[in-house]
Amino acid sequence: MGIHLKYSEPPWRYNNELITLREEETDPSYGEYPKNRPVERLLKYGFIALDKHVGPTSHDVTAHVKRILGISEVGHGGTLELSGRSRRVRCLAHPSGESD
Amino acid sequence: MRSPKEYVCLMRLHGDASDEEVEWALSQFVGEIYQTPPVRSSVARRPRIRTVYEIEVIERADREVLMRIASSGGTYIRKICHDLGLLLGFGAHMQELRRTRSGIITEREAYPLIDVYWSSWLWRNEGDDSELKRVVRPLEDLLAPLPRVEILDTAVDAICHGASLAAPGIARIESKIKRGDIVGVFTLKGECVSIGTALKSTEEILKEGGMAIKTERVIMERGTYPSVWRRAKKRQKN
């Protein structure tokens, strides 16, 4: 019906613009590129964007994910369909439940 | 993180209105709006300012209005529907809601629980981790929207122990950081080390040096990178 009201473009992401201070290499013998992270470590330093259907609560779904993956540190951030993973992620992504 | 959200919402009007009336009413909720959180909510119920970036009506059938809404984090869509009903005089309510985007994460890249289940099964029973790796992503993907600071290998472990980041440890820094901004501290490989608060703006950090980012939350495990700072301390003692 052609109703489209726009105020401004949503700020989906920060407009990254990096200044280089020191040209340095990183030693490949320490750490890892996030893209190459093995599953065992992804389960600790990772998240799942979960498509939750209507019915079970985020809390219920978190319990399922814990059971399926056999790990205890699973949390969720966002009340609807986004479920964060690992204790560390949960707190970061916690929108105090108000994002209805 | 208060990231912007996008929803698809089905609203039900309690009376008849023309398209023009609906458009006018919706226009009252686009831009910066005052909103009091609903009775059943998890935050203090005082009016707050929220931004509605966009409302697009996808379809309308009599009293049912299907629309796409993009708004800042912490906006109650249920409340917008309710308030819009008051404005039209006969009331309205939110019938269904689905979040289709949160920050940079969209509905298209979200997986249902069954995918978690079978990709996990495949990994455990067949040793194939390719599907599970698609479902479980590195947490850095979530932190990508943050202003970022990339640091030298030698600065990493001190931060994992809770130290603040000083200017000499910085390799690359976001150009427009303001004092008090929440920033992500990353290695040169792109791993997240910590989340912190900027003690100074980028400009001040470049000019004055000194302590730059106060560590608020450590993400990386200690000992991932060598602890050069410990050796330095020992050397000082000798």
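Residues are numbered from 1 along each chain as its sequence is written, and chains are lettered from A and ligands numbered from 1 in the order in which they are written. Because the model is predicted, local features need pLDDT of at least 70 and side-chain atom pairs count only at pLDDT 80 or more, while totals for chains, interfaces and linings use all residues; side-chain values use heavy atoms, with hydrogens and water left out.

For the complex, the predictor gives an ipTM of 0.81 and a pTM of 0.80.

Next, select the residues in contact (heavy atoms within 4.5 Å) between the two chains, which number 96 from chain B and 72 from chain A. The buried area (accessible area, with a 1.4 Å probe, that two parts lose on being put together, summed over both) is about 7500 Å², with 61% of it on carbon and sulfur atoms. On the chain B side, pick out Tyr53(B), Arg99(B) and Lys189(B), which lose the most area to chain A and together account for 10% of what that side buries.

Five salt bridges (a side-chain nitrogen of Lys or Arg within 4 Å of a carboxyl oxygen of Asp or Glu) are found across this interface. Select Glu221(B) and Lys44(A) to see a salt bridge whose closest N and O atoms are 3.3 Å apart.

Now turn to strands (DSSP runs of E, at least two residues, numbered from the N terminus), which pair if DSSP finds at least two bridges between them. An open sheet of seven strands, with mixed pairing, runs in the order 2(A)-10(B)-8(B)-11(B)-12(B)-13(B)-9(B). Strand 2 (18-20) of chain A and strand 9 (165-166) of chain B stand at the edges, each with a single partner strand, so one side of each has no neighbour in the sheet. Strand 9 of chain B pairs with strand 13 (residues 211-218) of chain B in the antiparallel sense over two bridges, and Ala166(B) has Met211(B) as its bridge partner there.

Notes
Helices (H or I, at least four residues) and strands (E, at least two) are DSSP runs, numbered from the N terminus.
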